[in-house]
Amino acid sequence: MHSLIARLASNIFWLGRGLERAENIARILYINETYGRDDPKGPDWTRVLRLYADLDRFNKTHDLSNAAAVLSFYVIDRDNPTSIASTIFEARQNARSVRHLISTEMWTQLNIFSSEVRSIRSRDLTTANLSSVASSIINGCQNYEGIAEGTFMRGEPWCFYQIGKYLERADQTTRILDIGYDRIHVDKGDAVATVQWNLLLRSVSGYHAFRSKYPGVLQPKDMVSFLLYDAEFPRAIKQCVDRITDRLRDIETRHGMRQDAQLENKRRALEFTLETGPGRNLTPNRLHLFVDTLQQSIGNISVAIDNSYFNQIIR
Amino acid sequence: MNRQNQKSEISKSLLSDYNSGGYFCEMFGHSGLSHTEAIRDKLEKLEISGLRRRSRNAEKELFNLGITFTVYTDRDSIDRILPFDVIPRILSQADWAKIEKGVKQRVAALNAFLHDIYHKQHVIKDGVVPIDLVKGNGNYRKEMCGVKIPHDTYVHICGIDIVRDEKGSFRVLEDNARTPSGVSYVIENRHLMMRAFPDLAEGILIADVDSYGSQLARTMKAVAPQNTRDPAVVLLSPGVYNSAYFEHVYLAREMGAPLVEGQDLITENDKVYMKTTNGLQQVHVIYRRIDDDFLDPKAFRSDSALGVPGLFEAYRKGNVTLANAVGTGVADDKAIYAYIPRIVRYYLDEDPVLENVPTNICREPEGLAKTLANIHELVVKPVGESGGYGVVIGPRSSKRQLQELEIRLQKNPSNYISQPVVNLSVCPTLCGRSIEPRHVDLRPFALTGDSTWVLPGGLTRVALRRNSLIVNSSQGGGSKDTWVLA
């Protein structure tokens with residue numbers, strides 16, 4: 001049995017990342033809109049730009065960061081390589097290149113889904129219409145994920161697909177944490193902050209799960225620990241890191257590849273960062289710094305995977 | 001309108017207005033064909049509206065499945081499907097037996113010819129084929145002289161374009177011995193047809209086409225370098241931007257072989273390796289869908305970014321097999337085509353089972369004179385072109401077009417051949433709201449490793465424009481499912 005062509009392994013990895021990313025962008029746009037409903041000035045769209053560190057890039061081509069401009073930037077703008085449209089187009093290109101390695105159903109669904117995304121126009125992107133656009137995108141990504149779950153052979157390609165997906169998910173969960181970090185102090189009775197934290201939880205489909213585990217008054221520290229460590233919540237960062245570890249082990253044992261020392265170091269570093277945590281005395285600043293470190297550790301793994309599997313230096 | 005007419009209007013069946021216009025019809029012949037009776041009966045029972053609806057659904061399915069070729073703009077891609085006509089083209093057992101025999105014979109002759117011209121060149125020395133037609137041919141690769149390849153098979157995958165004339169006789173129009181494409185449509189068309197029209201095939205025994213992938217894999221393994229225990233076969237594609245990329249994916253999957261691009265392969269010590277997640281792994285057989293020119297920048301075009309430096313040297317040394325072999329283009333050239341019947345007799349000592357279309361070779365004074373004298377009733381084809389480009393059909397061209405052609409012919413006669421217009425057979429085809437005759441051809445696919453296997457049927461291409469004789473997809477052609485009755 002031959003191993004996977006390195007370039008195609010990379011394309012599968014990015015296919016997994018792309019779909020997860022598109023879903024999360026849609027989630028974040030949606031949540032930002034709801035988040036700002038109680039604000040008389042309306043949602044603050046620069047918050048999303050800051051979240052993805054896109055402020056500079058956005059300001060170069062836009063004068064105003066109003067809803068229309070930001071939504072178009074993130075949903076349909078093909079000049080923005082990280083827009084949902086670009087991400088899905090790229091995912092489809094990746095899927096096309098690995099079409100013989102994924103299931104026909106996965107390809108067909110993505111093919112149909114990408115033409116739906118392509119048909120979104122700027123007039124569809126009003127604040128009032130956002131929740132319906134966002135949920136149809138989320139839905140398309142989830143359909144894809146469900147089909148992959150049910151039809152994708154559990155071989156080497158699947159492992160890389162899963163690693164891509166969970167790396168992206170971990171990264172996106174850190175961004176959700178980052179949205180909420182400045183609301184870390186919830187005074188009893190601070191209705192606005194409570195509502196906002198609840199919204200954040202809803203954006204990651206974690207509200208009911210969190211509520212059943214932590215009934216009573218919402219404590220931000222519980223929420224942070226839920227998003228970081230919960231053993232049952234599938235978008236918790238710890239869960240994502242564990243899945244990545246599982247799949248890396250599969251690749252090494254079932255598919256007979258040597259463990260790469262550099263990659264293993266980066267993986268341990270991520271685990272260590274996560275275990276150390278933001279500290280007991282949670283302040284907005286601490287949480288923000290912690291999230292930053294976490295994002296860096298996640299990025300390091302991505303680079304290490306690239307070096308050890310996709311772009312090995314050929315002697 | 002009287003009552004009688006009204007009644008016939010209501011009960012009018014699908015094919016009752018159909019008129020093949022004097023051409024040989026694949027469904028009716030000149031006066032009814034017995035082997036198509038069962039399918040005709042079933043078609044008669046369908047309504048045009050139902051046929052149209054099912055046809056639209058079938059084409060939508062092609063889009064959704066991504067059975068498309070892609071046209072790229074700056075940043076976007078537009079997917080086009082090869083239009084699919086829902087009325088199948090039917091071949092009787094007897095017709096198919098003849099085609100199969102003829103294709104095998106032709107492939108054997110092509111392989112013998114290629115082996116000869118790259119070794120002892122008897123065919124030239126014996127005066128069967130003029131030397132300059134071989135050595136002066138742009139697709140002749142002198143680098144192949146003396147190179148030994150497994151089973152002396154040069155043309156592993158061959159597509160032979162066959163037409164049917166007004167009498168219903170099969171004739172070869174063209175050989176495709178380089179990287180013939182279209183086989184994936186044969187198989188996908190069948191799947192599509194069986195999903196959209198399960199009722200049409202009910203009770204009719206049709207030869208199966210699904211085994212192509214496994215036959216291809218078997219063929220590739222059969223031509224692996226000697227003493228390779230478990231040969232690694234790959235399919236080498238120019239990449240996602242190639243218009244036939246869907247087919248490359250399809251065949252790689254059917255064969256269970258990695259789909260690679262030039263950048264995925266590397267040579268070391270005259271061996272070929274693929275770059276995998278687990279380091280380098282040796283490759284033994286490459287089914288390449290890249291032209292000779294682009295295979296290896298060291299051996300051929302140095303500006304090729306699609307190829308693999310050092311590949312030809314590894315091939316020459318026998319460490320890797322290329323399918324098709326390098327240099328097969330000399331055999332499927334339109335100039336050599338005219339000599340194939342003689343080539344068949346020369347190597348096999350048999351009469352050709354499938355005749356050529358009579359051909360004038362304009363490089364010969366006699367051929368040029370005949371062509372110029374009858375230009376208004378001939379088809380003039382440039383040699384060395386493919387895809388139907390540059391073909392001029394005399395009876396359908398303006399005076400001015402013909403005058404321009406005459407100038408081109410006199411300037412460079414050896415660039416052309418001419419043939420009488422073959423009135424290609426027609427097949428009932430769904431055109432808008434009616435069933436009309438449209439011209440068709442047939443491309444059967446033959447696989448040759450240590451022996452030759454022919455996929456039953458082949459690709460029926462149909463010229464969807466009224467009166468058009470050009471079936472190429474680049475020029476408004478579509479395709480049909482091809483049924484060989486079992």
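This is a predicted model: local features need pLDDT of at least 70, side-chain atom pairs count only at pLDDT 80 or more; totals for chains, interfaces and linings use all residues.
Colleague: Is Leu259(B) buried or exposed?

Modeller: Leu259(B) is buried, at 3% relative accessibility. Buried means under 20% relative accessible area, exposed over 50%, and partly exposed in between (1.4 Å probe, protein chains only).

Colleague: And where is Leu259(B) placed?

Modeller: Leu259(B) is in strand β7 of chain B. Helices (H or I, at least four residues) and strands (E, at least two) are DSSP runs, numbered from the N terminus.

Colleague: What is the order of the strands in that open sheet of four?

Modeller: The order is β7-β6-β11-β12 in chain B, and the pairing is parallel. β7 (259–260) and β12 (321–323) are at the edges with a single partner strand each, so one side of each has no neighbour in the sheet. Two strands pair if DSSP finds at least two bridges between them.

Colleague: How many bridges are there between β6 and β11 of chain B?

Modeller: Four bridges, in the parallel sense, link β6 (residues 233–236) and β11 (residues 285–288) of chain B.

Colleague: New topic. Which strands make up the open sheet of three in chain B?

Modeller: That sheet has the order β8-β9-β10, with antiparallel pairing. β8 (265–268) and β10 (279–282) of chain B are the edge strands, each pairing on one side only. From one strand to the next, the twist averages 40°. β8(B) is joined to β9 (residues 271–276) of chain B by four bridges, and Ile266(B) stands opposite Tyr273(B) in β9(B).

Colleague: What about β19 of chain B: how many of its ten residues are buried?

Modeller: Eight of the ten residues in β19 (residues 434–443) of chain B are buried, making this strand mostly covered. β19(B) is joined by six bridges to β18 (residues 426–431) of chain B, and the two run antiparallel. Val426(B) has His439(B) in β19(B) as its bridge partner.

Colleague: What lies between β18(B) and β19(B)?

Modeller: Two residues lie between them, and the two strands form a hairpin. Gly432(B) in the turn has a positive phi of about 60°. β19(B) also pairs in the antiparallel sense with β22 (residues 459–463) of chain B, over four bridges. There, Arg443(B) stands opposite Leu459(B).

Colleague: Helices now. At what angle do α6 and α7 of chain A pack?

Modeller: α6 (residues 104–118) and α7 (residues 127–151) of chain A pack at about 170°, with axes 9 Å apart. Axes are lines fitted to C-alpha atoms, for helices over the stretch in contact, and angles run from 0 to 180 degrees between N-to-C directions. α6(A) and α7(A) are therefore roughly antiparallel (over 145 degrees; under 35 is roughly parallel, 65 to 115 roughly perpendicular, the rest oblique).

Colleague: Which residues in α6(A) meet α7(A)?

Modeller: Glu105(A), Met106(A), Gln109(A), Leu110(A) and Phe113(A) do, and the α7(A) residues they meet include Ile137(A), Tyr144(A) and Ile147(A). The residues of the contact are eight nonpolar, five polar and one charged. Ala, Val, Leu, Ile, Met, Phe, Trp, Tyr, Cys and Pro count as nonpolar, Asp, Glu, Lys and Arg as charged, and the others, Gly among them, as polar.

Colleague: Last one: which residues of α2 in chain B are buried?

Modeller: In α2 (residues 37–44) of chain B, Ile39(B), Arg40(B) and Leu43(B) are buried. They cover an arc of only 100° around the axis, which puts them on the same side of α2(B). The arc is that of the directions from the helix axis to the C-beta atoms. What covers these buried residues includes β3 (84–91), α8 (198–201) and β23 (477–484) of chain B.

How values were computed: Residues are numbered from 1 along each chain as its sequence is written. Chains are lettered from A and ligands numbered from 1 in the order in which they are written. Side-chain values use heavy atoms; hydrogens and water are left out. Contact means heavy atoms within 4.5 Å.
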